[in-house]
Amino acid sequence: MSLNGWLQIAVFIAAVLLLARPMGLYLARVFERRRTFLDPILTPCEHLLYKLTRVDPAHEMRWSEYAVAMLLFSAATMLLTYAIERLQHILPLNPQHLPGVEPILALNTAISFTTNTNWQSYTPETTMSYLTQMLGLATHNFWSAAVGIALAIAFIRGISRRETNLLGNFWVDITRAILWVLLPICLVYSVALVSQGVIQNFRPYDTAALLEPQHITGADGKITTVTTQTIAQGPVASQEAVKMLGTNGGGFFNANSAHPFENPTPLSNFLEMLSIFLIPAGLAIALGQMTGSPRHGWAVLAAMVILWFAGVLTCYWAESQPNPLLHGVDQHVSLTQSGGNMEGKEVRFGIANSALFATVTTDASCGAVNSMHDSFMPLGGLVPMANILLGEIVFGGVGAGLYGMLVFVILSVFIAGLMVGRTPEYLGKKIEAFDIQMAMLYLLIFPLIILGFSAATVLMPSLGLSSLANHGPHGLSEILYAYTSATGNNGSAFAGLNANTRWYNGSLAVAMFFGRFLMIVPMLAIAGNLARKKIVPASAGTFPVTTPLFTMLLTGVILIVGALTFFPVLSLGPVLEHLLLRAGHTF
Amino acid sequence: MLDLISILATIAMFALTILYVRGCDRLKGTRP
C-alpha cells in the first residue's frame, strides 16, 4: 500500500460525498415534481410521451398495480431485445456481418440486461452487431436503471406518505428518471469520455499488421502464423456513460473497462468509478429529503461508506501483499514497479485503482471491471464476492441498492425494538408482522437462489464442473461468484469459468430473473403496507434513526446476516484457498 | 423450436411472478 494510493482513494470518496447532496436534492425535486432547470426543455417532451402512450400522469397506483406495470414493461422490453439479437443478421448496422445470436445465449443476454445484471456469457465484439449493442442492450441500460430508481422512489413514498394505499405512477416515474436524470447526465458524460479517448463511430473493424508475426499451435498440433490483428470499433462512449451511471456494467468489449477504448486514462477511470456511486449516494440523500428527515439519509449513507471502506481496505491490503510462492522476486513498491499482485491488472491503473474499482463495482451492482477479479489474491477476490453477498446494498445498484438497504433498516429497527421490548417504529410508522414477513422473504430468496444453484452445479460434474479452468477451492469460488453475481444482478465475472454452455446460460438466466423480480415484489409490498399506516408521534421509547448508534446497528445487522448466511461457503472457497496458498498450494 | 421454448419460458416466468404479486397482495396487511 502506498500514500499515493490512499490519497487517490480519499479523493474519490470525498468527491462522492461532495456530489451526494446536490444529486439527492435534485432527485427529490424531480420525483416530487417540483421545478428544475431542465423543465422548459423536458416538460413538453414528457407531455408528448404521455399523450402518445395514453398514460394518465395523475393516476396513482397501489403497490400491486405498480409491480404488475413494472413486470409488463420488463417482459415487453426483454422480448424485444431477444428478437433483435436473433434477427441481427438481417437488420442494419452490422458491418461485420455477424450471425444471429444463438437462442439460449440470446435469452440469457435479454434477461441479463433487463434485470440490470449485464452478465455477458459472450464476447461482445464478435457476437453483437452495432444495432444490437445500441437498440437491444444500451436501451436496457437506461430502462433497467430507470426501473430501479422508480422502485426506490416508490419505497420512499411508502415511508413518507400516510393513510393511503397509493405509491405513485410507474410510467411517470420511469419517464422522469430517464428524461431528467439519466439522459442529461449521460449526454455530458459521454462527451467527457470522448475527450479522454473513448471511441464513438460506426466504422467496420480496423486491421493492423503485426510487427512481430505470432505462431500459434492448434489443438491438432498444426501451427498457424498470425500476421494481422483485428481492432474492434463502435459507438462505445454513448454506451459507456450509461453503463457506469446506471450501474449496468455490460462492456462494449469483452475486456470491459480494462479495454483502452472503454477506459483510456486515469481520469476516465476516476469518472467511471465516481459515476457508479453518484445516483446511489444521491438516492440516500433523497430518502432523507423526501421523508422529512435529512439526517436519516446521511445516517444510511454513513453505513454505506463504512462498509465500502472495510471492503477497499481489505482488497487494497490483500492485493499489495507479495505472492508467497514467488521466491527470490522483489515484490515491494518502488519507483520502477507497483509491487504486490499485478497479475490481471492494467499497469496504467495500478493496484490502488484496481482494488478501488473492484470494490466500487461490486458494492454497487455495476459489474464493470478494470482488472480481472479471478487473478486477485484469495482474500482480494473475497472482497468483491462478499460485497455482492451482502445483498448489493453498499451504495448498491441505482435504486436497487437503496430499497435493499431500507429492508435492512426495517430489520435493524425491528431488532432494536425487540431489545427494548417495544413495538418498533420507523420514521413514525409501526413495524408489524407483515412488514417483517416480507422483509424475511426478501432476505431469504437471495441466499436460496445462490446456494441452491451453486450446490446443484457442484453436484453435476458433466454440466457444472466441465467448464471450470481451476479446481479445488478456487473452482468453487468461480462457481459461487457466477451465481452470486447473477442473483445480485451485478454481472461481473470471476472468469476461469466458461459460462457459455446450456446449463450455465439457462441456470444463470433463472438466477438473474428471480434475483431481481422475486425480491422486488416483497419490497413493494412493504412499501404499500407502510403507506397505509398512521404516523405515530416519537416518544422516549422510539429508536432514533438519525444517530451514529443507528448507523452502527445497521452496519452490524448487515454484516451479521451476511456472515451467518455465507461464511460456511466462503470458508470452503477463498478462505481455504488463502490458507493453502500460505502452505504452498495453488489451483 | 428453441426460440419457442425461450419465449414461452420468459412468458411463464413473468406469469409466475405476477401470481406471486397476487399472492403477497392477498396476505393480510396490504388491503385498504
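Select Arg62(A) and Asp25(B) to begin: in this predicted model, their side chains form a salt bridge, with an N to O distance of 3.0 Å. It belongs to a count of two salt bridges between chain A and chain B.

**The side of chain A that touches chain B**

Next, select on chain A helix 3 (63-87), helix 4 (103-114), helix 14 (433-458) and helix 17 (502-532), the elements that each give two or more residues to the side touching chain B. Helix 3 of chain A gives the most, with 12 residues. Colour the residues of this side by type: 24 are nonpolar, four are polar and five are charged.

Now widen the selection to both partners. The contact involves 33 residues of chain A and 20 residues of chain B. The size of an interface is often given as the accessible area lost when the parts come together. For chain A and chain B the buried area is about 2400 Å², and 74% of it lies on carbon and sulfur atoms.

Leu93(A) counts as partly exposed because its relative accessibility is 34%, between the cut-offs of 20% and 50%.

His97(A) is found in the loop between helix 3 and helix 4 of chain A as well. Its phi is also positive, about 55°, although His97(A) is not a glycine. Is His97(A) buried or exposed? With a relative accessible area of 70%, His97(A) is exposed, because the value is over 50%.

**Helix 7**

Colour chain A by pLDDT and go to helix 7 (residues 170-196), which has the highest mean among the elements of the chain, 96.

Val181(A) is found in helix 7 of chain A. It is buried, with a relative accessible area of 0%. Which residues surround Val181(A) once its neighbours within four places in sequence are left aside? Val181(A) is in contact with Met23(A), Tyr26(A), Leu27(A), Phe31(A), Arg176(A) and Ile279(A). To check one of these pairs, draw a C-alpha to C-alpha distance from Val181(A) to Leu27(A): the two are 7.6 Å apart in space and 154 residues apart in sequence.

Cys186(A) lies in helix 7 of chain A too. At a relative accessible area of 5%, Cys186(A) is buried, because the value is under 20%. Apart from neighbours within four places in sequence, its contacts are Phe142(A), Ala241(A), Val242(A) and Leu245(A). A further C-alpha distance to draw runs from Cys186(A) to Gln239(A): 8.9 Å, for residues 53 apart along the chain.

Select Thr484(A), which lies in helix 16 (residues 472-487) of chain A. Thr484(A) is buried, with a relative accessible area of 0%. Leaving aside neighbours within four places in sequence, show its contacts: Met385(A), Ile388(A), Leu389(A) and Ile450(A).

Finally, return to the pLDDT colouring and find helix 15 (residues 461-465) of chain A, where the mean of 84 is the lowest among the elements of the chain. Over chain A as a whole the mean pLDDT is 92, and 100% of its residues reach 70 or more.

Key:
Residues numbered from 1 in each chain as written. Chains lettered and ligands numbered in written order. Predicted model: local features only at pLDDT ≥ 70, side-chain atom pairs only at ≥ 80, totals over all residues. Heavy atoms only, no water. pLDDT = per-residue confidence, 0-100. Helix = DSSP H or I, 4+ residues; strand = E, 2+ residues; numbered from the N terminus. Contact = heavy atoms within 4.5 Å. Buried area = accessible area lost by both parts, 1.4 Å probe. Salt bridge = Lys/Arg side-chain N within 4 Å of Asp/Glu carboxyl O. Nonpolar A, V, L, I, M, F, W, Y, C, P; charged D, E, K, R; others polar. Buried < 20%, exposed > 50% of the residue type's maximum accessible area, 1.4 Å probe, protein only.
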